[in-house]
Amino acid sequence: MTSTQTVWQNLNLCLSGDPDETVLDAAIAVERGTIVWLGARAALPALYAAWPREDLARAWVTPGLVDCHTHLVYGGTRADEFAQRLAGTSYEAIARRGGGIVSTVRATRAASDDELFASASARLEALLAEGLTTIEIKSGYGLDLATERKMLRVARRLGAAHPVTVYTTFLGAHALPPGFAGRADDYIDEVCTRMLPALADEGLIDAVDVFCERIAFSPQQTERVFEAAARRGLPVKLHAEQLSSNGGAALAARHRALSADHLEYLDEAGVVAMKEAGTVAVLLPGAFYFIRETQLPPLDLLRRHGVPVALATDCNPGTSPCTSLLAVLNMGCTLFRMTVSEVLQGVTRHAARALGRADRHGVLAVGRQADFAVWPVTTLAELAYWIGRPLCAQVVRAGETVYRRPPRTATGDAR
């Protein structure tokens, strides 16, 4: 669709991912990539009567999906470590003997820009075919200035080459790199005084993240990175309470973090602090599933205190090699006992908020960019119900169709 004025009609509209905020038999009028009207089709103003139209045959339309926590750019795979975990070795044990994040660092440092771009593009295309229009991509597999820069440049390049909005997060404090064994404070000095300022000056950073955990960095070291980010006016987020409870979520809240992510070991004090700070809880069921975690994040506490909950793929080679937000919806329901409304808002409205971009993404409204996904299903519950079934028929970004599912033959094969 290339017209600067288009009306999409005969659709069922979900405005924010919430099945209670819907309009049946609706229409959306878009001009130059922006929504100028939406509502019941019978109320469509005469002003739009002559505009080109596309009939969606009563499909459901949702906001374009938002993946607010990914490590999409990296070299190699960690399938061998997956096999080790199946044989009984813990993720922490693998990391402590030179595997885990550090093994991906070696592969990422060795890969060229074009190699990283090609492998990340393949993962991104799988997400785009499921209704994605916005994604966060972290660095953190370089752990030196040159490779962190390379990763962030590739992330920006992905946004330029594909129909998706990319936000980049500097995760230099992801693991202790080779060469800094036993010198974590020295490495944090490198992150704060050299890497972060240089990459910020180059315009490659939208936010700053830290892995605050016993196998990574302490709360005190995390705070130093957050203070360095504040000096550059950059928002922060945190990998927190994934493997243990160490007050990471409360620390994130003290710094008004956009989000605290993982949170299996989050306690009520951390939940209260997040609510007061407006920090979003980002849950990552793909990682929970893949490392066979048993400690559930405290959904009841998050609900009771009214903390917004987002979901994301956490796409990464070691703990969540997931390129399907729809699979994440299903896991959010089945593993975490979330409702359909909660998981859908978790990849639209609340995911946008976790990026600090609630004013741009995650909701369909007049004046917003026309980013939406088309789903030929009878109920929105199907988005979380099916496992492995292609559901997205069409993706519209800035008013243009950027993905359309290939038609099927009588035998069900793509033409």
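A charge sits over a ring if NZ of Lys or CZ of Arg is within 6 Å of the ring centre and within 35 degrees of the ring normal. The model is predicted: local features need pLDDT of at least 70, side-chain atom pairs count only at pLDDT 80 or more, and totals for chains, interfaces and linings use all residues. Residues are numbered from 1 along each chain as its sequence is written, and side-chain values use heavy atoms, without hydrogens and water.

**Exercise 1.** State the distance from the ring centre of tryptophan 386 to the charged end of arginine 389.

Solution. The charged end of arginine 389 lies over the ring of tryptophan 386, at 4.3 Å from its centre. Arginine 123 likewise has its charged end over a ring, that of tyrosine 74, 3.7 Å from the centre.

**Exercise 2.** Classify the pair of phenylalanine 288 and phenylalanine 336.

Solution. Step 1: rings of Phe, Tyr and Trp (its six-membered ring) pair if their centres lie within 6.5 Å; planes under 30 degrees apart count as stacked, over 60 as edge-to-face and the rest as tilted. Step 2: a search of the whole structure finds 8 aromatic pairs. One of them joins tyrosine 48 and tryptophan 51, edge-to-face, with 4.8 Å centre to centre and 75° between the planes. Step 3: the ring centres of phenylalanine 288 and phenylalanine 336 are 5.1 Å apart and their planes are at 80°, so this pair is edge-to-face.

**Exercise 3.** Is phenylalanine 336 buried or exposed?

Solution. Buried means under 20% relative accessible area, exposed over 50%, partly exposed in between (1.4 Å probe, protein chains only). Phenylalanine 336 has a relative accessible area of 5%, so phenylalanine 336 is buried.
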